[in-house]
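I began with charged pairs and then turned to helix packing and backbone geometry.

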Amino acid sequence: MTEALVRSSILAGSAILALSVGFLMQAITLKGVMFVLLLGGCVGVLFLPLHRCIQIFFLYIGVEGFAKLITNYNPIIHIGADIFIIVLWVKVGIERIINRDIKQIQMPPVTTLIFIHFGWFLVTIANPYSLSLVASLAGMKIYVTIISLYFFGYMLSDDAEKIRGFLVPWVVICFLQVATSLYQAKVGPTSVTSISDAYITVLEKYRGYAFRPPGLASQPGGPAIFVYLLVPTIVYFIFHVRSLLLSLLLILSLPACLATMLVCQIRSALLKAILGASGYLTASIFRTQQISAKARILILTGIGIGGILIASFTPYILDTISEKGSTNEMAVKRTLTLFNLESIQRARSGALDRFLRYASKAPLGAGLSRSGSAAGKFSDLIKKDKSFSEEFFADNLWVELVVDLGIPGAFIYTLILISICYYAVKGFRTQDPDLRPLHNTLFFTLFAILVGAYGAEPILYNPEGAFFWFFSGTLVRIYFMSKPTALPTR
């Protein structure tokens, strides 16, 4: 009775709040619709099972960039994902209060290190070089709330069916990103500038380059990130769905995914897609002797058919979206410079030198929000600040870590990643026929994300951050599900 009363009260209050804000935002406009969708998602979180709430959250991550642009980075939408995560934790707390008889929550390994990291984050807020309290608190997005998804991944990934369920929303969003980006590539810049003037600003950054379709992301070329994250998963589902028709449709989606990465011009995304998919396929074939000769033949046959379809249909898709005067051919040529080793080395040179220079200048950190995506938001404060003679430039995970958190914070963060990798590698021992291919898929996707940390800060920002931290918890849980001993509670 108490539980029903609490839920009814929350529902009524949330509905009134959502309707009020909807009217204030003039919900008939696109901006208002996105705002109400965010509130509606948060309301739904309170009444749906937790694993369904996570699926809704993943769907929101897929349209978050689009929502930011069309609302001109409304403050609420800008931190929408963080609000969503906080509501998820509120839900957990409410359920703990209501269901007092439920068993103790089993905390995952690495919990102690993560809480030490949170403690050091609090210390960095008091950094005397900080730009402002608001700029410091903005760092919670990338150093606190997003990392907490690790605990959800561990707690909720208790069987193979649920893990597959968490991957489905990502696949749906990937296909939406592919469809919208290919349409935009065919039409050109007017396909997005006609929606909002905000697109004019973001496209201005890439003047002189071929048009990069933003899809449903906030940055031109953003769909390529969703594609590389999901290519190993799509390949997994090709071999593990029961419907032959669905498998064929998934195979046919691969040429569209490749075409998207080619026109988006995010060369590292193409590299990471190749690493993730090839790693998954190699592990599936050679990692265990439990795969029968018949299964290996089927996998090799599927690889062959997929390769033929990709080679046949990708040029057709590119020809279809390219017209006279189109810049898509220029885009494809630029993306394919990925295979020019000299060009790639030039593009990401000097990271170690910057790391050492910044570490010597600010060994305990220079204050949060001085580099990365937050630097644009606080650019006025950075220009006025006289603490450092040069601006900090981070195109590498560890460079940004040392700027934001200093040497101690970068060290703690690295220990967390090493610990997660330790359990993820040990997960290769699992012999469960359902968990084994899922482990392969997630392991090589997260491996590709970490490889990308050399030239970006992927696990700090969405969508890669949400994917990495949630499914890193899943990988750790897979290892302990394969052990005969009880799960750890520390």
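I looked up the pair D158 and K162 and found their side chains joined in a salt bridge, at 3.5 Å from N to O (a salt bridge being a side-chain nitrogen of Lys or Arg within 4 Å of a carboxyl oxygen of Asp or Glu). D158 is partly exposed at 34% relative accessible area, and K162 is partly exposed at 25% (buried means under 20% relative accessible area, exposed over 50%, and partly exposed in between, with a 1.4 Å probe and protein chains only).

Before going on, I noted that this is a predicted model, in which local features need pLDDT of at least 70 and side-chain atom pairs count only at pLDDT 80 or more, while totals for chains, interfaces and linings use all residues. Residues are numbered from 1 along each chain as its sequence is written, and side-chain values use heavy atoms, with hydrogens and water left out.

How many salt bridges does the structure hold? I find six, and I followed up two others besides the pair above.

D82 forms a salt bridge with K141, where the closest N and O atoms are 2.8 Å apart. Since D82 lies in helix α5 (residues 80–98) and K141 in helix α8 (residues 140–145), the pair ties together parts that are 59 residues apart in sequence (helices are DSSP runs of H or I with at least four residues, strands are runs of E with at least two, and both are numbered from the N terminus). D82 counts as buried at 9% relative accessibility, whereas K141 is partly exposed at 25%.

The side chains of D395 and R354 also meet in a salt bridge, with 2.4 Å from N to O. D395 lies in the loop between α21 (379–384) and α22 (397–426) and R354 in helix α19 (residues 351–361), so this pair ties together parts 41 residues apart in sequence. Here D395 is buried at 10% relative accessibility, and R354 is buried at 11%.

Next I checked the chain as a whole. Its secondary structure comes to 24 helices and zero strands, and buried residues make up 52% of its 490 residues. Of the contacts with a separation of 6 or more, 78% are between residues 24 or more positions apart (contact means heavy atoms within 4.5 Å).

I then turned to helix packing. The axes of helix α13 (residues 223–240) and α15 come within 8 Å and cross at roughly 20° (axes are lines fitted to C-alpha atoms, for helices over the stretch in contact, and angles run from 0 to 180 degrees between N-to-C directions). The two helices are therefore roughly parallel to each other (angles under 35 degrees count as roughly parallel, over 145 as roughly antiparallel, 65 to 115 as roughly perpendicular and the rest as oblique). Residues making the contact include Y228, V231 and F239 of α13 and K272, G276 and Y280 of α15. By class, the residues of this contact divide into 12 nonpolar, two polar and one charged (Ala, Val, Leu, Ile, Met, Phe, Trp, Tyr, Cys and Pro count as nonpolar, Asp, Glu, Lys and Arg as charged, and the others, Gly among them, as polar).

Is K272 buried or exposed? At 6% relative accessibility, K272 counts as buried, and its place is in helix α15 (residues 267–286). Leaving aside neighbours within four places in sequence, K272 is in contact with Y228, A448, G452 and E464.

On α13 I also looked up the packing with helix α14 (residues 244–264), where the angle is about 160° and the axes are 10 Å apart. That makes α13 roughly antiparallel to α14. Among the residues in contact are V227, Y228 and F237 of α13 and L250, L254 and M261 of α14. These contact residues divide into 13 nonpolar, three polar and no charged.

Last, I went through the backbone. Most residues other than glycine have a negative phi, and most peptide bonds are trans. The peptide bond from N462 to P463 is cis, with omega near 5°, and P463 sits in the loop between α23 (435–451) and α24 (464–481). V110, in the loop between α5 and α6 (111–125), has a positive phi near 80° and is buried at 11% relative accessible area. S369 has a positive phi of about 70°; S369 lies in the loop between α19 and α20 (374–377) and counts as buried at 6% relative accessibility.
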